[in-house]
Amino acid sequence: MENTLGLEIIEVVEQAAIASSKWMGKGEKNTADEVAVEAMRERMNKIHMRGRIVIGEGERDEAPMLYIGEEVGICTREDAKDFCNPDELVEIDIAVDPCEGTNLVAYGQNGSMAVLAISEKGGLFAAPDFYMKKLAAPAPARGHVDINKSATENLKILSECLNRAVEELVVVVMDRPRHKELIQEIRTAGARVRLISDGDVSAAISCAFAGTNIHALMGIGAAPEGVISAAALRCLGGHFQGQLIYDPEVVQTGLIGESREGNLARLKEMNITDPDRVYGAEELASGNTVLFAACGITPGTLMDGVRFFHGGARTQSLVISSQSRTARFVDTIHLLDEPKNLQLR
């Protein structure tokens with residue numbers, strides 16, 4: 001899968017990032033998302049594959065493109081038999097977020113990126129459009145920290161695993177009213193808090209890389225993004241746990257569905273019989289082969305954002321593979337037209 005799709009999925013996230021970045025700072029978050037979706041889908045449909053969106057822009061009646069269940073790739077066309085040999089074809093599941101952090105793009109803030117994860121059919125958890133309690137940490141803490149423990153307990157464990165004082169640890173938390181007590185507990189324990197307005201996929205992944213000065217992600221964010229984060233952290237050997245949140249009173253800032261009871265009924269319809277189950281990275285991204293790709297839209301901890309020059313653009317991307325056990329950073333020059341005096345910088 002990596003040999004077949006590795007380069008092409010980089011181009012998928014690159015095209016989405018370039019399209020979205022043209023709306024950076026213009027206050028149009030919906031447009032920034034729409035152009036990213038369109039660009040991602042267009043490039044995806046040029047790939048020799050049969051893909052199915054398991055995490056996307058919403059249900060079919062809510063999203064015209066990259067909706068959950070949509071089939072993408074050349075081999076999904078009606079004339080696919082002219083291009084594809086069904087006996088050699090690997091069917092894959094795809095989780096996408098063409099513009100992770102739409103507000104960040106709209107207001108010119110750091111940390112937005114285009115992301116996707118892929119695995120063979122059935123290899124990604126089809127998370128409902130709910131919220132998820134998350135805990136991400138570096139590889140040495142894998143299996144030691146636990147989402148069921150308090151933040152204070154986990155910070156002590158993390159301190160021991162990383163051989164750092166608690167005061168040296170930095171925890172990323174979404175800046176939301178629901179996290180008021182969590183933030184206070186982290187500070188009381190002695191660790192430092194980095195508040196973010198959006199974009200917790202980047203924060204989760206950053207935990208797995210030395211030198212980012214991010215040692216944990218804690219708190220509640222969107223469930224679909226949790227699956228994408230889990231895919232990357234599984235490949236990197238980092239720690240990730242997620243637990244679905246279905247009670248609007250816990251989230252405080254709105255939740256799909258009108259009530260706790262209605263959300264529980266929806267989970268039951270999706271064959272999720274244990275709504276309080278804690279999922280590990282290997283359960284959220286369970287496939288034999290998992291690939292993750294991201295491209296910076298605005299500057300971030302791991303990647304720079306899209307930079308335009310006369311006649312082209314420069315991007316920084318990241319592709320992570322469970323197959324080759326690699327994380328590759330890719331710096332790409334895109335020649336968007338053919339000016340006479342092209343300056344590659």
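Modeller: About 370 Å³ of space lies in the second largest pocket, and keep in mind that this is a predicted model.

Colleague: Okay, which residues lie nearest the centre of the second largest pocket?

Modeller: Lys133, His179, Leu182, Glu185 and Gly219, out of 17 lining residues. At least two lining residues each come from β5, α4 (151-162), α5 (180-189) and β8. By type, the lining of this second pocket has 7 nonpolar, 4 polar and 6 charged residues.

Colleague: And what volume does the largest pocket have?

Modeller: About 1100 Å³. Its lining runs to 39 residues, with Asp97, Thr102, Asp129, Ala222 and Glu225 nearest the centre. The lining residues of the largest pocket split into 16 nonpolar, 9 polar and 14 charged.

Colleague: Which element gives the largest share of that lining?

Modeller: That's α2, with 5 residues. Elements supplying at least two residues to the largest pocket include α2 (29-44), β3 (91-100), β5 (131-137) and β8 (216-222).

Colleague: What share of the residues is buried?

Modeller: Counting a residue as buried when under 20% of its relative area is accessible, 53% of the 345 are buried. As for contacts with a separation of 6 or more, 68% link residues 24 or more positions apart.

Conventions
Residues numbered from 1 in each chain as written. Predicted model: local features only at pLDDT ≥ 70, side-chain atom pairs only at ≥ 80, totals over all residues. Heavy atoms only, no water. 1 Å grid on protein atoms, 1.4 Å probe; cavity = no way out; pocket = protein on both sides within 12 Å on 5 of 7 lines; lining within 4 Å. Points joined across faces, edges and corners; volume = space filled by probe spheres on them. Helix = DSSP H or I, 4+ residues; strand = E, 2+ residues; numbered from the N terminus. Nonpolar A, V, L, I, M, F, W, Y, C, P; charged D, E, K, R; others polar. Buried < 20%, exposed > 50% of the residue type's maximum accessible area, 1.4 Å probe, protein only. Contact = heavy atoms within 4.5 Å.
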